[in-house]
Structure formats: structure tokens, C-alpha cells
There are 4 protein chains.
Amino acid sequence: MMPDKFHDECGLIGIWNHKEASNLAYLGLYAQQHRGQEGAGVAALDRERRHFTLHKNIGLVADVFSNYDFSALPGDGAIGHVRYTTAGGHLVANVQPFYARIALGNVAIAHNGNLVNTDPLRDELIRSGAIFSATSDTEVMLHLIARAARPHIPLSEVVISALSKVKGAYSLLIMFDDRLFAVRDPHGVRPLAIGKLHDAHVFASETCAFDLIGATYLRDVAPGEIVEVGSDGELKSYFPFPVERESPCIFEYIYFARPDSNIFGKSVYSIRKAMGYELAREHPVDADIVIPVPDSGVTAALGYSEESKVPMELGLIRNHYVGRTFIEPKQAIRDFGVKVKLNANAEVLAGRRVIVIDDSIVRGTTSRKLVQMLRSAGARELHLRISAPPTTDPCFYGIDTPSKDQLIASHKSVEQIAEYLEVDSLAYLSLDGLYRAVRSVKGKFCDACFTGKYPLGTPAAFDKRQRELFE
Amino acid sequence: MMPDKFHDECGLIGIWNHKEASNLAYLGLYAQQHRGQEGAGVAALDRERRHFTLHKNIGLVADVFSNYDFSALPGDGAIGHVRYTTAGGHLVANVQPFYARIALGNVAIAHNGNLVNTDPLRDELIRSGAIFSATSDTEVMLHLIARAARPHIPLSEVVISALSKVKGAYSLLIMFDDRLFAVRDPHGVRPLAIGKLHDAHVFASETCAFDLIGATYLRDVAPGEIVEVGSDGELKSYFPFPVERESPCIFEYIYFARPDSNIFGKSVYSIRKAMGYELAREHPVDADIVIPVPDSGVTAALGYSEESKVPMELGLIRNHYVGRTFIEPKQAIRDFGVKVKLNANAEVLAGRRVIVIDDSIVRGTTSRKLVQMLRSAGARELHLRISAPPTTDPCFYGIDTPSKDQLIASHKSVEQIAEYLEVDSLAYLSLDGLYRAVRSVKGKFCDACFTGKYPLGTPAAFDKRQRELFE
Amino acid sequence: MMPDKFHDECGLIGIWNHKEASNLAYLGLYAQQHRGQEGAGVAALDRERRHFTLHKNIGLVADVFSNYDFSALPGDGAIGHVRYTTAGGHLVANVQPFYARIALGNVAIAHNGNLVNTDPLRDELIRSGAIFSATSDTEVMLHLIARAARPHIPLSEVVISALSKVKGAYSLLIMFDDRLFAVRDPHGVRPLAIGKLHDAHVFASETCAFDLIGATYLRDVAPGEIVEVGSDGELKSYFPFPVERESPCIFEYIYFARPDSNIFGKSVYSIRKAMGYELAREHPVDADIVIPVPDSGVTAALGYSEESKVPMELGLIRNHYVGRTFIEPKQAIRDFGVKVKLNANAEVLAGRRVIVIDDSIVRGTTSRKLVQMLRSAGARELHLRISAPPTTDPCFYGIDTPSKDQLIASHKSVEQIAEYLEVDSLAYLSLDGLYRAVRSVKGKFCDACFTGKYPLGTPAAFDKRQRELFE
Amino acid sequence: MMPDKFHDECGLIGIWNHKEASNLAYLGLYAQQHRGQEGAGVAALDRERRHFTLHKNIGLVADVFSNYDFSALPGDGAIGHVRYTTAGGHLVANVQPFYARIALGNVAIAHNGNLVNTDPLRDELIRSGAIFSATSDTEVMLHLIARAARPHIPLSEVVISALSKVKGAYSLLIMFDDRLFAVRDPHGVRPLAIGKLHDAHVFASETCAFDLIGATYLRDVAPGEIVEVGSDGELKSYFPFPVERESPCIFEYIYFARPDSNIFGKSVYSIRKAMGYELAREHPVDADIVIPVPDSGVTAALGYSEESKVPMELGLIRNHYVGRTFIEPKQAIRDFGVKVKLNANAEVLAGRRVIVIDDSIVRGTTSRKLVQMLRSAGARELHLRISAPPTTDPCFYGIDTPSKDQLIASHKSVEQIAEYLEVDSLAYLSLDGLYRAVRSVKGKFCDACFTGKYPLGTPAAFDKRQRELFE
């Protein structure tokens, strides 16, 4: 995982009505590993016995399920989750799915997103006697579901009642003893797609999960939609909440999503390539070659090269065997880091005027090191082109970002950033250009990280540190 | 751990007002490892910052805290727990201490014992919206505490209010942001001792924990007592509940407790030895040697030998390096198990009339194998003497026992057991003899496993399997 | 690591005269991890104390040296080795470097290549009393050095005398108590480069290792050259053997080497791209897009696209988080394998006429699966272009290849292979084209894997299985 | 393992003509784990295919073979080894058995003992071109066997020829492609017993290994005897060397051997108990109780108690769950060590006059701490009785001992040691008493550690550190 990037916080998978549900859920997580490397888990449901089992732990999917025997997760329903986290706080207690026994029976929940009213909800729940053992929003939702339960009302009512209290970004999979709900918040911030595999329905954050398990993409869960699937295997749909302006996260397209995925019904690859086209049109430069910062910059660089007719070369080469730890010599200059991951390819750089395509600059520290590396390899000119607008504001809806003061574009002009990075020129794709690439218009997406306009508001007192008190 | 024995389910440690609280808690668990080998954990409190940290996992204390840096568990208060479990169900979620953020702030709890009204309490809590993520009684108590919280009432009232609802056996350590409570249920079933280490107070299930950390034993927490210690370091004492007949568990003396511990204010060693005396008086036999089944039988065998003047020999030798797994040859007779742990010492057995001292016969399977082993080594006569009465009934108060139908003494007479084990004679210590050894009288202890008389009642519908649905 | 490819068998690193020699050696192995993932090791020399230390084990560099404290490998000289192996036979005994105490003192050796007269040499050594505990050629060389030792002759003579007996491909690092030798066989089959880092000399199979540690490439060790460096830090050079035709391995350029490396003095990247040019010229096809098989096919695809003007797209997307194990559903079609590593990008494939660029077809099994995957994603036509000639013959000089009968091109014509793979067309780069890409002429390289002409001969009775008897 | 004791360095197991040879060898090592905890290994022979396999590693038997599939060690012959080492130098290269391919075919060897002429032999071998990759004596023997090989002479001649060159203590198992040799040196210093299991012959250092696998003890390999067993399953016996004075190691009886073993044909238990009798006769003391230092002192204490009529009590209680690492509080007094392993039982100590039985005092440091612990628990008088003479001299024949200057009895009188340990009295069993206990006479055993008289001489320049240069 590259440092100094925004990161998705979670990936979801759900399988309903398949004999090998838990194994397929694992595969779906495998394909979505890039959406979260901190922890992984699968909850399985044996419908006949109304029996839940759960396996989750800190680590990569491959490690958490190393030599795992999936007969220990029996049944034909399963939901799974991969999780990314920011600070050192690797909380086992926070790994999802969450399970609880409540008045209605058993429930397991997997959540991608962030609520903005967690704190008041939590305070209220705590005041009325709820206990919290983890720090995530998801536990709040579990409590709300537990408390919404009433005898003789359908589970869909319970889910609706619970969700009516929360504000923020959420895509959810909620599995009860006899049915599964797939939900997107009324703004539709986070993705969630529906697929079909023989008689089974499957759900995933990214469609690349469907490809691995051989499922076919049907459609997205719509913003504000609650999809229910039970014993009959039919999808029922509810739209209980007042219509709000859709605000899917535009950043999903920019970085980290796998280019072979469809998100919000569109190909990540084609949009990312279009960003390259737009960038080439907006910010052409007379140069010898275009090089991408691997891997996320490759698609946009292809687009830039195609549009500008400047040939693309591989000027930075990845080391495919980077491990978790890395022992530097004592006298090494600080931060060997990016050198281990990427190496400059002098063959194509020496004496050349180079356009470097990257998707974002967060703190600027890694970009600065890359520039130095490219210079050392002999690049004559370096023109950095970013396939998105400057990231000036943090995300409160489920993307992990540093705080505003750490975002270089929040307090430096493009010229100042260019100076700091020591590039010959720097240019960002405009917001208009980004919307053109997405084939949409302003206002149809959440673009708060570029504009500071938060369609769902911000938490009254968002204090991440406070929430991570506990390990 | 020897198979086919009753087992304690938990051990507790608490440290208050010591700069290295968490490290001392770990040491205290280390000394009490025999009270639970499934999981271990320590919760620490940094009082100044009202900050809790928690580290717990499945495994032995030495493994859970292998190379652990205790600066990650800062503060001068700590509680710890070791846990034993019965079935294959190793639930991480059940490892203690439990932590929660509740209306009152933070709370961590460690529990030894079993409630008998867990199911109705849990049902009621669930009906009113509580969520349960684990299967233990302890989560019930956490909920009761959370719900008993009211503004402006002292924490002691909260604890009393919560405990007024539970029935059963419990020794507890409950740590809040600024104080620690140590509790024993009104029957005083499970032990809990108070010690002193310089300015610190310490609490432990067995006093051998005090020895390791260099603390001095002060006294036991009394049955029904709630001991509170806060910032001033003084112990306050509450006896909020109606006086009930004390029923400390007599089995704590029989097996598994370390002989160097004091339990309920008496030396385990001296009581266990007295069992040997009584056994020798009640059931003498003309024989050449007395041999113990190591290690638990050694103390009683010393007593038997001393009283009977029949010399003690080591007729069974332990292998000190028994690991967790053991790979048997394919054609081996089933259950190599006990052979790996113990070997018959032909030198002292051959041609001899042998009195074998053991503390209990549970299912009888292991004893039968031991008898075969002793015969093969040449023992001429085998007289098995058990330093406790026949175990006819399961425990519901915190000792792990098989169900009644699996207890050989529940459905076979002593003669039938002797026949099954193929010994020349078999005798058990009488209940009167046991009480004499304990220097007490009938009715002063819980002896339900020998008598079927349950002083705290039994769970209405005790169904262990039901409670272990979830992994 | 992709299945069904040829693989390099080893990577070497040597550091001389640097205070952090072992840490740098580790870094050099890190950068060359792609040359061998079975085992890794570093031997260090403390020259003052004439003291050798060695750390090696099975596993990736990052695992073997996880949290390693390099002060346990003290001194200013070090050699390191990464190793690839074929069969399940992971022999710890075979992990290099090898160390021995011999008459001359201590010696450590790291070897890349394969001898062709191992068996007669080993037989002869064994007859004269040598003992062999591993199965590699390297142990033979260690014995030859030990036996060549005579008092009062220089170490260079010892090395020359030992090497005069061996035939085959070898690049070697040999470290004695006071000097280091870097050697390439007279045919120069395997690479070995010399670099400089301040006062230190460094040696590596690929120059990407120099980039990571900040060293500068000086030159290659020449075919047949023995380079010696001792206390004075000066390089001495010997050419003791009769001049033979140079036969550097042309396959080093084709696959697996990092494109940012120089090998045999030439940029892998530029040669690989030139293969794409040549391939486009030789085998053009009317199509919509060019797609590479990642990652090794990317550079050639860039070349093909540039030359043919057919735009390049990413039609296969890598999953960057592929672990060692992978648990397939029970009813899955056999060999999920490549699906986990690569996914077809329907967005660019659907309805398109596609040119697929890969560097080799070994058994054909993986290629066949890729073709199926591309078809399923909607590709209308599939034209497979291979950036090298058909691999018809196994390597005996240090590249891991299946036996001849497993190489699909050894017994099928191009048409038959196309039919087996179910592609619309298939074409390989001609041998002439390959030589043009390498900017050389036939006969200047070893191309036995394409021609069956072995410039160094083959082992009389090459029987890999026989040599791997022992684990 | 208790600190500050002498330790056996190795245990051997051999199985011949049994279908599950390697699994039985593993079991035999399991039972002999106390003879070496550093490393373990098994070499197996598939006679039909003349195929050797080997699995060995650093660690306990249970760890090295954790979940091991013994079908990877096929065949009906196997030899195994457990190894103890002294310094931190855990050399994988030194773990046995050793394997080599030599002129005669394959050979594996397992060795218990130490040679005294290793250094000159090794020097000579090195001079003639041998290479040494490990530091043990065993590699020397492997070379000697390799060099003794001549065509057309029987293997027994080869073994005899090789062994004619070595001096020192050795018990050996040597397995060739079609036969197994079991050897004891002419002085018979280290034990080696022969057993029978159906059609199989088995060999072990201690007979407790036979008990576990169900084999029957036949007899010892005699001093100077070479036992050969081949395809016909018959034992052949050779006595090729001039008769020397037998000098079996008397220390084998004193500590560490399992009391249920027979060594040199005699029961360890009965001898150890007789030491207690003799000690009681030689050094009676008016006291209230006798307590053993567990576990090794228990048998002698039983004897002392029986003879003296002073009752035995358990004054020191073992913690059965001591792990490898142990994290002490920062402010703890140095060397928490023994406290973790043993706790004083105040119940039996308080106010008592106590006789403490231990088997040896090496450096005195641990004994001193035990004394302090016993005093703190209230012992009124402490009379330490050692069931062997003072250990004044190191062993060069296969027992791990500190150097002479570290042995407290080498430079302090008994009175001075008593003063250092702060006991009220101290007495050692006399050498005459020891021989009486062993039922032998002076001169019939090697007692060099008590007398400094080395029947096999000492290495000219025994420098352990020099030999452990290499890791």
C-alpha cells in the first residue's frame, strides 16, 4: 500500500442462498483486499438451525483465513468485511462483521462508511444503559437495531426504524436469522452492487468481487434503497426515506478502486482514463515522455499519452516483494520507504523531459521523494500532472484522510506546492474536468475533499483521537 | 493438564495503586495459570487520563504476553483474568476482562463463577434492547452495571444495584475510571483474597499469586462483601445483601489449586494432606507401598503414607515436556494420551502390593488406563484410594464438569467402579472424612458435586450447548 | 510469482568494505527478491577477528530477516543469496551462502548458475572421502576450493585451481577471511555487476540492487574474469582460463529480470521494448487494442503499441494482494489460480479485436485460461503475440524450466498451439527478431532454450529427481 | 529446565525394522526430551529405495514435529536425536542427526558424548581437504567414516576403522543404506540400551523411551561394543578395540535422568533413593521435616526421610506452566527466575527446622535464592543436604558444565559454601557413600566431576568458545 494517499476504509461482500456462502464471501474479500488491509471477517448463517458463526481477526484476508476450514462457517448465507484503519490502533474489537444476539434473534452487520451523528447517538444510547465495547459507528447501528425490535413487526420495519436515526454515509449488509438486508444511505455515498450467481444473490462494494466468484452484475443498490432477500430468494425493495440529493463519492474513481471494477454503474477504468484525456487537454506540456506513478497512475497516464501523443514509458518500476517490515541501515537518510517500493528507470529518464502522472498529492512528502529519485536518474525536466483537483479537505464519510492542516493543498497554492516538490511545473485537473471525465455535472457527486462542501454535514465534534482511546 | 478431571474455570488478579500494575497483573496470572489455560487478559487504567487499555487473547499467559511491552498497558490500576473452557468453542469474544464504555465512563470486569439466573436476565435485557456479543455471564453483569448507572449516585450503589439482580456464584473485580471493586457473592462460593504490596492493594483468587509478586496476604473478601478502593487507597467495605448461608466450594481444596495457596483462609496443602490422613484411617489396606497419581495426588499420598506407615514411592513418573499436540503411530491402540504424560516405574511396582492415591474419578477412563499401566509394570495388587467422596453431580457454580450421565459415580456403585477399573479394591473418602480434613462441619461448604444439594439452586434450563451456539 | 513461466534460480549480492555490510546485503537481496523466493541468506565477515557469521533460512527475504538485528552479522564484508527452487523439495540444507571451515580458514560462497559436470566431480570427490550434506553444485565448489588449498600459495591460485575443474554456468561470490572474489564463468552465462558505494565495492546479479543501496554501476565482471578485492580495497583482475565463446543467457532479458536493471551492460527495459517493436513489425494484425499480460508483458506491449499504432489498454488487472495459499470452493472448476491473480477488464475488451502480448508460453495451461477469461469478458478476436521465440528446450545453466516434454512448443507447431489455446491467431518473435532487439547477432548469446544448441554442453545424465532425493 | 545444574547433552533413539520407524523415533525423543531441549531431528531410511529423509530443527520435539506428517519420513529404519547446548549459540547446523552422501552411499549419524581429540582430528582432516560446516564432534566422525570407506570391505570394518581414530566418550547410532550400527566407546561413558518391539530392534539412551513405545529392554550395548543389525534383523556384535577400564558416567544417576529409566542396567530411581539413605546415614540432623528441591531432589528426599524417619513435606511447589520468556517488572530485584518456577510453601515451613535435599550445587546462585525464599516463608533452621559429592571439576565427556572457576565447590570449602548460601548447615554425600548407593566401588565409574580424575584424558586445548565462533 502506498503511503501518503487517501484510502478506502472498507469493503463488503454478501452471499445469499449458496451452499458455499462463507467460502465465496472469503473470495469476495480477497478480490476487495485493496479496500482494507487491517482486518477481515466473515459471518455465516445456517438458516435451518438459525445458527450464526463468525471468524474474524486483524490481518490480511489470506492471513486471517490461512488454512481455514470453511465447514466451520456453515450455511448458505454469509457476509464479509475488510477494514482499513488509520492510526496504530489495531483494535481487534473493531474488526467486522459485528455480531449480536438481540431480542429478534441473531444479527450480524458489516458497514462501509461513516456516520456524522455517532457521538450524540452513542451518548444517548449510553445514557439509556447501552454498553459499547468498540469504537466504531457500526456498534451504534447494532444498538439501534436491537432497540428498534418490537414483536410482530417485520424486520424491514426494524431496519427502517433504526436507520431513520442515523445520519451520514453508509452501505450496509445486515443478516438476520432468515433474511439479509443490503442498504445504501439516501445520499448513496458509498457503493454497493448486486450480483447473481445461479440461484444466489451476491452483494459487493466493487464488482471485481463478482468476477472472481463468477457472478454477474445486476445493478447497484440505489441510494436510499433497502434491499431485502429472504427464504424465497426474491429481492424486495424499500425506499422509506425522503428523497435527498444523491452524493456518491467521486473519489472512489480516483484512486485505490480496482480499475476492473464498476462503481456507481460506471467503469473505473474508463473514467480514470478519461481523467487522463482531460488532464492532457487542460494542461499540455512539451515533453518527451509520459510516465505514471504505479500502479494507480497507470490508467490516467495511458489516457494522457493517448490524447497528447506523447509516448508513455515506465519510468518508475515497482518492487513486487515489499514486505511489512524493512530494516534500514543505521546511517541511512530518513525514510527509505518509497525507494523500496519504486525505483527510477534511468534508461527512459536520462536526459528526457518527463510528464509524471499521479492521481493525488496528499501531504506531499512522498511526491517530493519521487521527484528527487527521478532527478537522480537523469530526468531533465519534470512536469507533474495530477489527474484530480487539489485535495484540500478531509473526508468524514468513509475515506481515510489526514486532517486538513496536513493536506498540502489546503494551505499552499499550486505554485507553492510545485516549489516544494521541486518540479518544473505542476498542474491539477480542474473540478470541471473531473466531472467531464465522470460524464456528470457538478452537484451530482460528493466532492467535499476538493471543495469543502459537505452534502451530509460534518460531525459536530469530530475528534478521531477521542474515539480511538481504547485498544 | 490432566484429562478427565474437574477444572476450575477462572483465576482473577487485581492491582491498585502500583506504577507497574499491568506487569504485576500479568505475573499474578502467571502464578494462577493452572486456574485457566484457554485465554488470558489484562485491562489497565491510567487514572489521571481516565484511560483504559486492554490486551487479551486466546492462549496461555506466556503466549498472550510473549514479548509484550507493558508500557502499552499504562497506569497504576489493572485487573487480569485467566479462563478455562470446556468445549472446543474457543471464543475470543469470551476472553476476559470485558471492557465497556457506559454512561458512567469506562468499566472493565473480570469474573470467576457462574450465575444461575443468566438466562432470564439475558432474556429480559435483550427484550429491552441490549445486545450480546459473547456468551458468558459476565456480559450480563456488564449490562446490569450499565443500566444501574444513575447520575449523582455513588458507584458503590451502582454495583450493589446491579448485583442485587443476579443469583449464583461470582467473585468479581470491577474497575471504573477512579476506583476498583472486589466482590464475592453472598454464599462466598469462589475465593478472592486481598493482599498488600507497599502502597498497593492486590486481589487474587489464590494466594500463590501474592507470593510471586511479593505481596502479603491480608484477608479474604468476605462472602457477600463488596470491597471498594479508590484514590485514597483505603479499603471500604459494604455488606448490602441479606445474610445467607456461606457455601464456599469444597472442591477448591481437592484438585487443581496450587498446594502453596491459601483458599478461604486455609492452606490447601494442609487440608489435602489431612485428606490423606482421613483416607488412611477410613480405608486402610495391607500393602507394601503407597504411590500418588502425580501431581495432584502427591500431598494426599504423603498424608496417607504418614498415617498408615506404608512407605510412599514414586510409582508413576511425569514427563515434564508434554506439548499440546502429540502424533501417535497409526496402528497404536487408541488413546496414547496418558502414557505420554505418566510412565509406570517398574522398579518400585514389580511384585508389590500397591495403594494408589488419586483425588477423584470423573469418567473413569483415565483411571482405567493408569491401572493397566501399573499392572503391566508388575504391580501385584492395586488398591485405589480416592481422597474425596464420589463425584456424582455436575457443578453449576464455576467448576467445569461433565454432565451427570458422564460421571461414573452417578450410575455405578463403588463395587461396580472397582470392577470397571479392574482394581483389587477401591475406596473413597467419606463426606464426613472430607469435612474433618477441612476442619469444618457439613453444611458449611458447597458440596453439591458429592451430594447433589445445590445451595444456590440450579439454572432453570441449563443448556450449555445452547449457550455455545456461537463462535 | 506467475505459474507456468521460466524462472531465474538465484540472485547474488556482495558488499566489501562497508561498516553496514550485512544490512546492505539484505537490501540488495530485497531488490533482487524476484530472482528467488525459496530461501535467503547473508554471510558476514568481521575481518579484524577473521570471524564469520551466517543467517539464512527458507522464505522470502522479508521473512528470513523479519525484525532481524544486523549487529548479529558484524563486519564490513558480506555476501548474500536468494534462491529459487522447483519441486516441493524445500531443503534448508540447500539455502545459500554456504560456509565452511577449511585448511585456509573460513570461506563462504554464493552461487548463481548450474554446472554440467557436477555428477562426475561429486562422484570423484566422494570416492576420495568427501561428504556431501546438500544437493547443490555449490557444495562441489566448496570441496574443490578446500582441496585446492596449499600452504604458501595465494588464494587467487586456489580459486583458479578449483574452478579449472568445473564446467558450466556460474557467477560466484567467494569470501575468505581477508578477501572477496567475484567470478563469472568463461562463457559469462549468468550476470554479475560491479558497483561502488563510497569506499565500498558492491556486486550484484542485477543493477536494481545498486539503485536501492545508492551504489553506482561500474561495469560487469567479464566472462571468465576473477575479480579479487582485499584489504587495500583495490580490484585485481585475473583471466586464467582459455578464451571461450561468450554465451550470456539471452533469456535474462525476456522475463523476470526487473526492467530497471542493466544486465550484461544493457537495459532490460529498452531491450524488452525493442522486442515489442520487432514483434509488431514481424507479426502485425488488424486489431482495436493491444493488451499486456501483467506484469512482465507490459514493456513489450508498450513497444508493440508504439510501433503498430494500435492503442494499449489494460485488459488484465492484477490483484496486488495475492497470498501464498488460497482456499477454493469445493465445487469450483479446477485451477482457480490465475483468476485470483488477474482479472479481465470487460470495459476495454467487450466487442474488441485484441492483441495480447506475453513473453512466453511454457506449458500453455495458464495461457489457455487467460484466453478463456478474455473471451468471457467479451473480446471479439484474440491475437496472441509472444515477444520471444518458442521455448522448445530446457535450460541446464541456471534457469528453472520444465523438462522438454512439458514444453508445449517442443511437440506442437505454432498452429497446433494456437488451436490448443483457442486464439484467433498466434505468432512468436523470430530468433532473428530477438537478436535485433538485443542489438546483437546470433551466436553471441546462449539461446539454447529456443534452439536446443547448448554452448556448454549438457550434463551426461542430468537427472534432477536423482539429485533431489533428499530432504 | 532448572538453571544452574549440570545437563546431559544429548539423547538418542534408533528403530530398525518397523513400518512406523520415524513416528516411533519421534516418540522415543519425546520421552527423552529432558536430555536435550535445543534441537531435535529424525533421519529415516527407506531400505528398498535406499532413500534417506531427514527432518530436524531447533526447538523442542513437540515444536519441531508439530503437526508433522510422518509419511514424509518413510521407511522402516530411523534414528533420532535431541540436543542440549550451553551458550546462546543455537546453531541449526549443529542439530542432529547428521546426514551425508559418501562413497559408500548414504549415512546418517546421531551422537551422544564428546571426543577429546576432536581438534587434532579436525585439523588433520581440514589439512587434507575436508570442509566443516558445523562445530560438533559428530561432523569429525562423519568425515572419518567417509574416508575409511574402501570398496569390497564390509561396513563394520569401515566403522571400526573410523572409530579407531577417535578418543573420548561416545554413544552412536550410525545408519547406512542397509544396516544400522549402535556403538558405545570402550569406556562406556554414555549409556545406550537395546530393546525389542515385535520384530523391531530399538535403541535408546534411556529405557523410558522403550516404555512409551511399548518396547522391552533387552540389554545395554556393552562398553566398546559395536552392534550391527541389517536385513536379517539379527544383532551382530563386534568388540574390535583393546579392553579398557570401564568408566560409565556416575553423574547420569544424580540428576536429570528420568527416575523411571534404567541406565547402565540399573534403576535410576532406586540408586537415587539409596543416595538419600546414605546421605541420611552420613549426615543426620535433628529437624522437623525433610523437603526436596523439585523435581530432581524428590527421590533422594524420599530416601532420606525413610532412613531418618524425619517426615517429608513439599516445602517448595513447582509452577507447571513456566514458559520460555517471562517479563519482569522494571524495578524487580534481578533474577526473578527461580521464583517463577518454585514457590515456598509457608504452611509447612513456618517455624520448622528444615532439611532441604538437593542433588547438586553448581554455581550456588540458585541455591542461595532458594534459601532466601525458604527463610522468608518462615523456616527456622535450614540444613542443606546434597545427595552427591561437591562438583569441583567440569565434564569433557558429554555433560554440560560451567568451567572450573565457576563451580563453587572448586574454590570454596563446604563451610564457605554454607556461609555463602546462608544455611545453618551444609553437607554433601561422600564419594564412598555415592558408590555405595550405586552398589559399586571406586574406579568402576567416571567420577571426574567430583575428583578431577579423567579416565579418558582431557582435550589438549579445550576451548569451547573457539568452537562456537560460528552461528
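1. Let's start with a strand pair. In this predicted model, strands β20 (residues 353–358) and β21 (residues 381–386) of chain A run parallel and are joined by 6 bridges. A:Ile355 sits opposite A:His383 of β21(A). Strands here are DSSP runs of E of at least two residues, helices are runs of H or I of at least four residues, and both are numbered from the N terminus. Two strands count as a pair if DSSP finds at least two bridges between them.

2. A quick word on the ground rules. Residues are numbered from 1 along each chain as its sequence is written, while chains are lettered from A and ligands numbered from 1 in the order in which they are written. Because this is a predicted model, local features need pLDDT of at least 70 and side-chain atom pairs count only at pLDDT 80 or more, whereas totals for chains, interfaces and linings use all residues.

3. Now zoom out from that pair. In chain A there is an open sheet of 4 strands, ordered β17-β20-β21-β23, with parallel pairing. β17 (289–292) and β23 (425–428) of chain A are the edge strands, each pairing on one side only.

4. Over to chain C, and a helix worth a look. α4(C) covers residues 137–148, which makes 12 residues. From first C-alpha to last it reaches 17 Å, close to the 16 Å expected; the expected span is 1.5 Å times one less than the number of residues.

5. Is α4(C) mostly covered or mostly uncovered? Mostly covered: 12 of its 12 residues are buried, among them C:Asp137, C:Leu142 and C:Arg147. A residue is called buried if 20 or more other C-beta atoms, placed from the backbone, lie within 10 Å of its own. The buried residues of this helix pack against β6 (98–102), β7 (105–115), α3 (118–127) and α5 (155–163) of chain C.

6. Next, how chains A and B relate. Chain A can be laid on chain B with an RMSD of 0.1 Å, using a turn of 180 degrees and a shift of 0.1 Å along the axis. The two copies are therefore related as by a two-fold rotation axis. Copies are superposed by least squares on the C-alpha atoms of residues with pLDDT of at least 70 in both. Which residue of chain A comes closest to the rotation axis? That's A:Ala130, at 3.3 Å (C-alpha).

7. Chains A and B also touch, with 23 residues from chain A and 23 residues from chain B. Contact means that the C-beta atoms of two residues, placed from the backbone, lie within 7 Å. On the chain A side, β4 (51–58), β6 (98–102), α3 (118–127) and α4 (137–148) each supply at least two residues. That side divides into 14 nonpolar, 5 polar and 4 charged residues. Here Ala, Val, Leu, Ile, Met, Phe, Trp, Tyr, Cys and Pro count as nonpolar, Asp, Glu, Lys and Arg as charged, and the others, Gly among them, as polar.
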